[in-house]
Amino acid sequence: MSDKTKPFKTIEEQITLLEQRGLIIDDKAETERALSHYNYYRLSGYTLTLRKEDKFFKDVKMSDVMQIYNFDAELRALLLYLLEYIEVSFRTYVGYCHSKKYGPLGYKNSKNFTDSDRFFKFQKDLNEAIKENERSEIFIQHHKNKYDGDFPIWVVVELLSFGTLSRLFKNLNWDVQKEICKSNYNKITEEYIENWLQGFTILRNICAHRGRIYNKNINFALRLSNKDKKEFINSGLEIQKISKRLFIYLFVAKKLVLDNNVWFNFIDKLEKLLEKYPFVDIAHYGFPKNWMEYITKV
């Protein structure tokens, strides 16, 4: 073991260390349970706004840390609900518009895409997805037995990961991209949709793999129109500061979720989550004070 490697500490020793650093242990049994289940290192990421270097600010309690941690965990689950809607809808749009233009098997012809290298990479990803899901998905065996393994594109899109689907959209011929955007996204141009899908793929992966979102940049800046940028700037917000925070992702998500029932159900659950964990300051997710105005206006 390297001399620089931190030594092992028991749960009791971890609690003692936290107390030495100024954290108030207001429920020792609950703290022991948290450290036993969530890992000291994992929890430490949620304390960065509550301390300076290794010293906690005055009156910070372990229960405050757990409010932040639990809020973040429940928020990820809520975001997956929203991202599922965006993803499932997008799968439908791609399958419908591409088959309308080129037929159910048009995805097998490289001429129906803009870049041949990306086309062959897509074919490889698709074949791998078929093999991975062959045993668990009955419809794959059905198409192999009845249709000689010819899957129409509206079936293909259900097999693709969100990332592969995003890359597929990027490689669609311009007229198909335009049709998808015109018919389903209020004529938002394909450059924006392509960028947003890439960003939402990253956010989905963070949520699905239990990554921290609190006080953290999402490693991808979503593209904003000049109109949206101007509105933020006029409200005193720093675009560079919030461009990779969750708030901007929600601001953009509203443009992709056209079902008001889905969107306002999400907002309602978010508000309830904030009531449940009052200690959490959502400014650490990039939310401005008037955040509700931005994500509820029609």
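Two residues are in contact when heavy atoms of one lie within 4.5 Å of heavy atoms of the other. Keep that in mind as you explore these close-ups of a predicted model.

**Figure 1. Confidence along the predicted chain.** Averaged over the chain, pLDDT is 92, and 93% of the residues reach 70 or more. Among the elements, strand β2 (residues 55-56) has the highest mean pLDDT, at 98. Helix α6 (residues 138-147) has the lowest, with a mean of 65. A word of care: where pLDDT is low, the predicted coordinates should not be read in detail.

**Figure 2. Helix α9 meets helix α10.** Helix α9 spans residues 174-184 and helix α10 spans residues 190-208; their axes lie 9 Å apart and form an angle of about 80°. An angle from 65 to 115 degrees counts as roughly perpendicular, so α9 and α10 are roughly perpendicular to each other. On the α9 side, look for Trp174, Gln177, Lys178 and Cys181; they meet Glu190, Ile193 and Glu194 of α10. Sorted by class, the residues of this contact are three nonpolar, one polar and three charged.

**Figure 3. Asn186, between α9 and α10.** Find Asn186 in the loop between α9 and α10. Its phi is near 50°, a positive value in a residue other than glycine. Most residues other than glycine have a negative phi.

**Figure 4. A salt bridge joins Glu179 and Lys100.** The side chains of these two residues meet at 3.9 Å, from N to O. The pair links distant parts of the chain: Glu179 belongs to α9 and Lys100 to helix α4, and 79 residues separate them. Side chains of opposite charge can pair when their charged atoms come close. How many salt bridges does a search of the whole structure find? The search gives 14.

**Figure 5. Helix α4 packs against helix α13.** Helix α4 (residues 62-102) and helix α13 (residues 246-256) have axes 11 Å apart, at an angle of about 30°. This angle makes α4 roughly parallel to α13. The crossing in which α4 passes α13 is left-handed. From α4 come Leu75, Leu79, Leu82, Tyr85 and Ile86, which meet Leu246, Leu250, Ala253 and Leu256 of α13. The contact of α4 with α13 has nine nonpolar residues, no polar ones and no charged ones.

**Figure 6. Helix α13 alongside helix α14.** Which way does α13 run relative to α14: roughly parallel or roughly antiparallel? The angle between α13 and helix α14 (residues 260-276) is about 155°, with the axes 11 Å apart. That makes α13 roughly antiparallel to α14. Leu250, Ala253 and Lys254 of α13 make the contact with Trp263, Phe266 and Leu270 of α14. Five residues of this contact of α13 with α14 are nonpolar, none is polar and one is charged.

**Figure 7. Asp59, between β2 and α4.** Asp59 sits in the loop between strand β2 and helix α4. Its phi is near 70°, and this is a positive value in a residue other than glycine.

Conventions. Residues numbered from 1 in each chain as written. Heavy atoms only, no water. pLDDT = per-residue confidence, 0-100. Helix = DSSP H or I, 4+ residues; strand = E, 2+ residues; numbered from the N terminus. Axes fitted to C-alpha atoms, helices over the stretch in contact; angles between N-to-C directions. Parallel < 35°, antiparallel > 145°, perpendicular 65-115°, else oblique. Left-handed = near helix turned anticlockwise from the far one by under 90°. Nonpolar A, V, L, I, M, F, W, Y, C, P; charged D, E, K, R; others polar. Salt bridge = Lys/Arg side-chain N within 4 Å of Asp/Glu carboxyl O.
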